[in-house]
Amino acid sequence: MRDWPLLSLVTFLPTAGALFILFVRGDEQTVARNARAVALWTSLATFVLSLLLWTGFDSASSDFQFVERAPWIPSFNISYYMGIDGISLFFVILSTFLTPICVLASWDAIKVRVREYMIAFLILETLMVGMFCALDFILFYLFFEGVLIPMFLIIGVWGGPRRVYSAFKFFLYTLAGSVLMLIAILAMYFEAGSTSMPDLMRYGFPASMQLWLWLGFFASFAVKVPMWPVHTWLPDAHVEAPTAGSVILAGVLLKMGGYGFIRISLPMLPYASEYFTPVIYTLSVVAIIYTSLVALAQEDMKKLIAYSSVAHMGFVTIGTFTLTFQGIQGALVQMLSHGVVSAALFLCVGVVYDRMHSRLIATYGGLVHRMPMYAAVFMVFMLGSVGLPGTSGFVGEFLSLVGAFRANTWVAFLATTGIILGAAYMLYLYRRVIFGPLVKNELKNILDLSPREIAVFAPLVAATLLIGIYPGAFLDPMNASISALLDHHKQAMAALHSVTFAGR
Amino acid sequence: MGPIDAALPEFIIALSAMALLMYGAFAGDRATRGISYASILVLAVAAVALSARGGAYAVLFGGQFIVDQFALFMKWLVLIGAALAIWMAPGFNEREGIARFEYPILILFSTLGMLMMISANNLIALYVGLELQSLALYVIAAFHRDSARSSEAGLKYFVLGALSSGMLLYGASLIYGFAGSTGFETLARAFESLEGQAPALGLVVGLVFVMAGLAFKVAAVPFHMWTPDVYEGAPTPVTAFFSLSPKIAALALFVRVMLGPFADLMAQWQQIVIAISIASMLLGALAAIRQTNIKRLMAYSSIGHVGYMLIGLAAGTEAGVRGIAIYLAIYLAMNAGTFGCILYMRRRGKMVETIDDLAGLARTNPTLAAAFAVFMFSMAGIPPLAGFFGKLYVFLAAVDAGLYTLAVIGLLTSVVGSYYYMRIVKLMYFDEPSEPFERDIGAELRPLLIGTGLFTLLFFLWQSPVLDGASAAASALFAG
């Protein structure tokens with residue numbers, strides 16, 4: 001088993017599925033039916049394969065595992081270098097977990113150009129998984145940026161009325177951020193002579209250079225996370241994207257920024273990460289409080305959840321830059337939890353959107369009378385988003401706040417107000433949509449969850465509760481990598497200080 | 001006198017072109033297709049002769065003509081570009097009623113001029129090659145002689161081209177006056193002996209004039225004004241040719257002149273190259289946004305691409321030249337492919353050229369739309385497509401040379417520029433379809449699109465052939 005190129009299989013199996021769909025022949029109905037089936041089975045097979053990564057993962061080791069390395073562009077010393085550690089493991093599984101759910105959620109909702117849609121999603125899966133596995137910077141950048149192409153098409157082709165504007169906004173914002181990261185990557189390559197991430201983590205960059213490099217990466221990751229004030233593409237993109245597009249956007253694409261901070265900024269640029277911590281704290285606290293208040297005022301359900309995503313990702317950035325064990329644990333779990341919960345919330349909106357074709361809160365009310373099952377499912381995710389103990393959201397928020405408290409009590413205090421606001425806007429949303437009398441005539445015949453929708457939600461409910469009740473299963477594989485990261489950070493800072501003193 | 005076989009490709013093209021001209025004069029326009037395919041064959045034979053000898057260093061004709069790895073790589077690209085331009089033409093020309101046998105022959109002559117430009121080792125050889133190339137180009141720009149637009153394009157190109165040739169010649173004479181030679185090696189030695197001292201002012205003026213002439217030929221800002229009009233007016237296969245081979249040859253010449261004889265005057269020319277590079281990137285990105293004609297848009301796009309390539313020249317290093325060489329190879333593929341797609345844009349027996357005509361292409365012709373989208377994403381520089389790697393290697397050189405500001409400006413303009421490429425994708429994929437294009441467009445475009453499309457899409461998998469060739473080309477320029 002160990003000899004298989006498991007990571008490459010997980011990464012490129014979806015592409016193989018996409019190629020297969022490309023060659024399906026027949027009339028439109030047949031093609032659509034086959035495309036759906038192939039996409040579903042491919043993504044399920046990918047998910048099962050990715051579970052082998054989890055079972056085969058050695059939690060005691062902080063090294064990169066399942067490593068594959070082959071020369072790719074030898075003249076530039078760039079290699080096809082893949083591997084995962086405790087930090088990336090669950091992002092890979094999150095990506096493979098959400099893709100079949102997306103395919104299933106789009107089963108009936110997508111009626112035109114099904115073939116292209118499924119191809120876009122499978123290619124997207126390859127790019128997402130590849131990005132979390134890549135250990136070579138050029139390879140990483142390839143996957144990181146490549147995501148733009150399918151996502152641009154998904155928003156633009158299958159999106160809502162203002163899809164063109166949103167697709168362009170998403171594309172240009174992200175591209176502008178990433179090109180600055182490219183400059184930083186090239187500068188690192190010339191300083192250290194390598195594009196391999198483990199090499200660069202060991203290389204101590206001079207302090208003055210770190211600041212510039214850090215800003216280059218920050219430009220890219222801050223847009224992806226997204227952090228206030230460069231978050232404005234997110235509500236637009238979410239509102240216009242088709243349901244499954246929002247799911248992937250919230251579930252995985254936002255995590256790329258957080259992952260980048262932990263994988264690249266912290267270990268490679270330790271001095272700059274400490275230097276800029278106040279900036280991160282400030283922006284994150286503003287994001288948490290400001291976007292929570294904005295979410296409170298939203299009338300569009302998708303927009304509300306989009307703003308809540310910005311707030312939740314604020315906890316991630318705070319946790320990451322506390323540079324404490326709990327903080328980083330919290331950031332990672334918070335990303336996982338947000339990946340499941342916000343994805344599920346977008347699916348919840350999708351369920352009623354498919355029936356009523358409206359995302360406005362005012363359209364609904366009293367759904368509990370006609371849709372009890374839906375109300376229960378929605379409640380689980382709503383509470384997960386609020387961070388009720390027992391759900392995944394609690395673990396993430398609690399741990400990142402513990403970390404924040406150890407690092408800076410004021411930040412912890414201000415961030416905690418965000419939790420209260422979060423409870424306010426989520427409960428308010430839930431009350432307006434689910435409770436109250438069922439007075440609207442057009443809602444009188446609305447149907448509860450179909451078996452397909454139950455199949456979509458069941459794994460998400462299970463994941464939310466599993467992370468909430470037994471977080472150990474997720475924390476254990478992370479721990480070794482996080483300790484190694486922090487030890488490495490301490491050593492790097494000590495080395496840097498000794499250089500500075502020697503220089504005096 | 002060096003081994004004469006080093007110039008064998010040039011001899012083959014010159015003699016065959018004259019023979020084909022004679023044949024055509026007697027056989028008339030009926031022979032057009034035959035002559036076209038024969039011309040492609042001639043180019044292929046020339047390529048074989050080129051490779052058979054390899055890029056071993058040789059200097060011929062009393063030091064006028066140089067052959068090295070750099071020339072080998074660039075000549076390959078020029079020959080491919082010319083062959084593609086001939087390949088895509090017959091069908092178009094027949095439908096437009098301009099299927100005349102002179103078209104492939106004029107391309108052969110201008111290709112000959114380009115090969116001489118690439119191998120120029122003397123200001124006089126440079127000028128002769130440039131003029132041979134340009135004269136043929138002036139004629140094919142006006143090839144559609146009944147069309148006012150095409151005639152205007154030819155005339156405009158001729159007048160401005162003559163002006164730029166004059167500037168170049170004037171600059172060359174100033175250089176000769178102050179340095180006492182036109183040979184590149186003598187000039188290089190003369191400037192080396194300056195040992196960092198500022199050269200005579202007249203020499204710098206001469207250098208600036210030569211650069212102005214060369215910038216005109218590569219269509220870099222501020223000498224780009226002819227490009228949009230000529231691109232729009234000329235028949236589409238001619239436009240495709242303009243965007244391929246002449247650009248490659250002119251850039252190769254630019255690189256050879258700047259890094260050969262004038263290498264020691266880098267302090268004098270580097271800032272000029274940086275300025276025209278930034279100006280070209282900015283104009284290419286901003287001016288294209290408002291264009292509605294696809295050929296005009298491609299003109300601005302090519303101006304932008306030249307700006308990126310000039311970054312490599314501004315770096316003035318081996319890595320920079322390698323970046324330019326890789327960029328040119330990729331640019332050749334994606335530009336040829338894009339023009340192949342543009343040739344498909346026909347409705348009711350007519351070429352349509354506004355970008356709105358592409359609306360909904362993904363519904364009416366999904367394969368063509370997918371190919372077009374691949375080229376557009378590649379031009380915008382989105383990985384993993386080939387265009388990204390073109391930019392990557394150029395920016396690598398810029399960062400290596402410490403030109404951070406240039407690199408940042410370049411990447412930001414590429415973000416702006418991506419907007420108009422994405423607008424085409426948007427039209428094809430997001431908008432409602434209009435009337436479909438004609439289907440019976442001839443079979444010859446299909447292999448062209450498949451070939452260039454696959455190259456653009458899969459370049460990232462196996463790039464070492466291009467990379468190795470480019471590395472050899474770059475190191476040849478820095479051998480001495």
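Guide: Helices (H or I, at least four residues) and strands (E, at least two) are DSSP runs, numbered from the N terminus. By that definition chain A contains 21 helices and 2 strands. The radius of gyration of chain A, taken over C-alpha atoms, is 22 Å, close to the 23 Å that the globule rule gives for 504 residues, so chain A is as compact as a globular protein of that length; the rule itself is 2.2 Å times the number of residues to the power 0.38.

The model is predicted: local features need pLDDT of at least 70, side-chain atom pairs count only at pLDDT 80 or more, and totals for chains, interfaces and linings use all residues. Residues are numbered from 1 along each chain as its sequence is written, while chains are lettered from A and ligands numbered from 1 in the order in which they are written.

Turning to the part requested, 25 residues of chain A are in contact with 25 residues of chain B, contact meaning that the C-beta atoms, placed from the backbone, lie within 7 Å. On the chain A side, helix 5 (137-146), helix 6 (148-158) and helix 7 (163-192) each supply at least two residues. Helix 7 of chain A gives the most, with 13 residues. By class, this side of chain A holds 20 nonpolar, 3 polar and 2 charged residues. Here Ala, Val, Leu, Ile, Met, Phe, Trp, Tyr, Cys and Pro count as nonpolar, Asp, Glu, Lys and Arg as charged, and the others, Gly among them, as polar.

Helix 5 of chain A also packs against helix 4 (residues 114-133) of chain A, at an angle of about 145° and with the axes 8 Å apart. The axes are lines fitted to C-alpha atoms over the stretch in contact, and angles run from 0 to 180 degrees between N-to-C directions. From helix 4 of chain A, the residues A:Leu127, A:Gly130 and A:Met131 meet A:Phe140, A:Phe143, A:Phe144 and A:Gly146 of helix 5 of chain A. The residues of this contact between helix 4 and helix 5 of chain A comprise 5 nonpolar, 2 polar and no charged.

Among contacts in chain A between residues at least 6 apart in sequence, 80% join residues at least 24 apart.

Terms used. Two residues are in contact if their C-beta atoms, placed from the backbone, lie within 7 Å.
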